[in-house]
Amino acid sequence: MAFLKETRPYPLRLIFDSIRAALLVIALLVPSGLAASVVSKELNNAQLLGSGTFRFLGLPLYDAKLYTTGGAPFSWNEDFGLELTYRKNLTQKALVNSTLEEIARQGNNAPTRAQLEQCFQAVSKGDTYLAISQGPNAIGFWRNGRKTCTLSYSGAKRGFMSIFLGSNTRSASFTSQLKGQ
């Protein structure tokens with residue numbers, strides 16, 4: 001049976017290793033690719049305006065990207081998308097509590113705790129949340145490319161998004177970076 005002997009070393013192993021490497025690359029790219037496709041689908045002519053990393057006591061909590069229509073300057077009068085990619089694990093309770101505390105600190109209209117609990121799930125390092133405004137009173141949320149909810153209440157866009165883009169955020173430099181300034 002010497003005539004059946006393969007002359008190249010381990011051809012099937014090379015094929016399987018190549019397939020495995022390709023699948024790994026796809027798996028690593030899917031969350032950000034899904035978020036980008038959601039932004040493109042939900043926000044007309046979405047283009048990145050700015051990005052930044054939010055830090056608390058010097059520790060990075062999340063990376064953020066702000067998308068506007070055609071990359072236009074930020075305006076509360078226009079719809080926009082904000083994507084957060086988390087750098088650490090956070091519980092649902094921590095996300096909900098910190099959101100409610102920040103909205104209250106800024107004196108804005110807030111959703112109910114139950115509304116936020118429907119929208120927010122715990123996050124692990126690398127998870128993304130994408131929020132896209134839908135007029136002044138609604139925001140759609142996607143976690144890792146999957147829709148979680150639409151948050152609707154009076155003044156939702158300004159009330160919620162002011163946490164990141166308002167005039168009284170926890171980090172003026174972070175907000176300026178997001179706004180491309």
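Strands E1 and E2 (residues 59-69) pair in the antiparallel sense over 10 bridges, where pairing requires that DSSP finds at least two bridges between two strands and strands are DSSP runs (E, at least two residues) numbered from the N terminus. The model is predicted, so that local features need pLDDT of at least 70 and side-chain atom pairs count only at pLDDT 80 or more, whereas totals for chains, interfaces and linings use all residues. Residues are numbered from 1 along each chain as its sequence is written, and side-chain values use heavy atoms, with hydrogens and water left out.

Within this pairing, the bridge partner of Ser 51 is Lys 65 in E2. Both strands belong to an open sheet of six strands, ordered E1-E2-E3-E4-E5-E6 with antiparallel pairing. Strand E1 (46-56) and strand E6 (146-152) stand at the edges with a single partner strand each, so one side of each is left without a neighbour in the sheet.

A search of the whole structure finds 13 aromatic pairs, defined by ring centres within 6.5 Å for Phe, Tyr and Trp (its six-membered ring), with planes under 30 degrees apart counted as stacked, over 60 as edge-to-face and the rest as tilted. For Trp 76 and Phe 80, the centres lie 5.9 Å apart with the planes at 70°, so the pair is edge-to-face; Trp 76 is buried at a relative accessible area of 19%, and Phe 80 is buried at 1%.

Conventions: Helix = DSSP H or I, 4+ residues; strand = E, 2+ residues; numbered from the N terminus. Buried < 20%, exposed > 50% of the residue type's maximum accessible area, 1.4 Å probe, protein only.
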